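Let's take a friendly walk through this structure together. Have the viewer ready, and we will go from one spot to the next.

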Amino acid sequence: MQTLRRTPLYERHRALNARMVSFAGWEMPVQYEGVIPEHKAVRSDAGVFDVSHMGELEVEGPRAHEFLQSMLSNDLDKVEPGGAQYTLLTNGRGGIIDDLIAYRLEPGRYLLIVNASNREAVYESLKERELSGSDVRDVSDDYALLAVQGPRSLERLGLDAAPSFTFAMGELDGIEVMVNRTGYTGEQGVELMVPAEDAEELWDRVLERGVVPAGLGARDTLRLEVCFPLHGNDIGPDTDAISAGLGWASALDKDFTGVEELRRIKQEGPQRKLVPFEMEGAGIPRQGMAIAGGGEVTSGTHSPMLDKGIGMGYVPVAQAEPGTELSVDVRGRERPARVVTKPIYKRQEG
C-alpha cells in the first residue's frame, strides 16, 4: 500500500477538521466547511489553499536559459528577471508532459513550479537532456506554497497591486516570503513561497488576517469556472497544445521538443478542440462521459456561482463553435448542453 506524503501543513489541516483525501500521492484537504462556501469565499473575499504538494525545480548555470528555451514551449526571451511565464513541457508527439510556470529569478537561474503528479516526470525529462553548463535540481521538499486568492486577497495581506506573472521577495508579519502574482482561480491573488519550516507560522498569520481556508474541491470548481485546464483531465501526454487551445503558450517559430508536430497540426488544423460548455437543464457532467458525435467530457462539475452543470471536453471541430448544441450522456440519459466562450463564469461588475 502506498504511503501518502504530507505537506508541512498537515497538522494544521487536521486541527481544522479538514476532510483529507489522496491526491497525486499526497494526503490533502479536499474541504473544511464545504466546497460551496469555500468557493464563494474566494469569489467574494479571499481564501487560502495549501499547494505545497506542487513541485519546485531550480535550473541554474550559464546555459540555463539556452537549455530551457530549447525544452519549454513558450518564449523565455520575453521574460525579464522578476517575471514569470506559463509554459508547457512537451514530448516528441507534441503531447503535454506538464504545464508549468517558469520564474526567471536572475540571469542564469530559474525556478519551475510543476504539477505534483508530474514532479518526477518533469525532473527526469529535463535531467536527461541537461546541457553542460546547466544544472537541474529538485528542491520541492525545501519549500511550502500557499495560494491566497480572491478580490480582497491583497487587502487582507496588506500587499500592493502588481502586474500578473511577476514576483518579488517580501514580508508578511515578519516572515520573509516570495510573493508570486500567479494563481489558479481566475481571481486576483498571490502564491506565497516560504521555506518549509516557516509554513505553519505563515498559515497562521494568513488565517488571522481573515482569509478562509479552502481545499482541493473548491480549487477544482474555481478553475473550471474560468476554464483553466487540469493536467490529467483536460491535457496530458496524449493531447497537443493546439487542440487544447494552448497554442498561445507555444512559440512555434522556435525549436523545442515536438514543435514539428505542433506546426503540422496548426497548419492542417486540429481534428478536435477542447471546448467549455454549460448544461441546459438537469445533469452534472463528469470526466469520461460521452458527448454525442464523438466527443468526451474531460472535466465537469456543478458551478456554485452559476448554479448549473458546467464542463470542458474535446469535440470534433465541427461542434466547437460557441453556441453549438451538444448532447452529453449523463449516466445513460442524453442531456442538452451548449458550447460557450471562455471563461464560463464572468464576474458581474457593479
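Helices (H or I, at least four residues) and strands (E, at least two) are DSSP runs, numbered from the N terminus. This is a predicted model, in which local features need pLDDT of at least 70 and side-chain atom pairs count only at pLDDT 80 or more, while totals for chains, interfaces and linings use all residues. Residues are numbered from 1 along each chain as its sequence is written, and side-chain values use heavy atoms, with hydrogens and water left out.

Start with Thr-7, which sits in the segment before α1 (10-15). Thr-7 has a relative accessible area of 6% and is therefore buried (under 20%; exposed is over 50% and partly exposed lies in between, with a 1.4 Å probe and protein chains only). Beyond its neighbours within four places in sequence, Thr-7 has contacts (heavy atoms within 4.5 Å) with His-13, Trp-26, Met-28, Asp-50, Ser-52 and His-53.

Next, look at helix α8 (residues 259-268), where Val-259, Leu-262 and Ile-265 are the buried residues. They lie on the same side of α8 because they cover an arc of only 120° around the axis, taken from the directions from the helix axis to the C-beta atoms. An α-helix has 3.6 residues a turn, so residues three or four places apart point the same way. Glu-260, Gln-267 and Glu-268 are exposed on the other side of α8. After α8 comes Gly-269, with a positive phi near 90°.

Finally, find Gly-210 in the loop between α6 (199-208) and β13 (212-213). Its relative accessibility is 32%, so Gly-210 counts as partly exposed. Gly-210 and Ser-153 are 57 residues apart along the chain, and their C-alpha atoms are separated by 9.7 Å.
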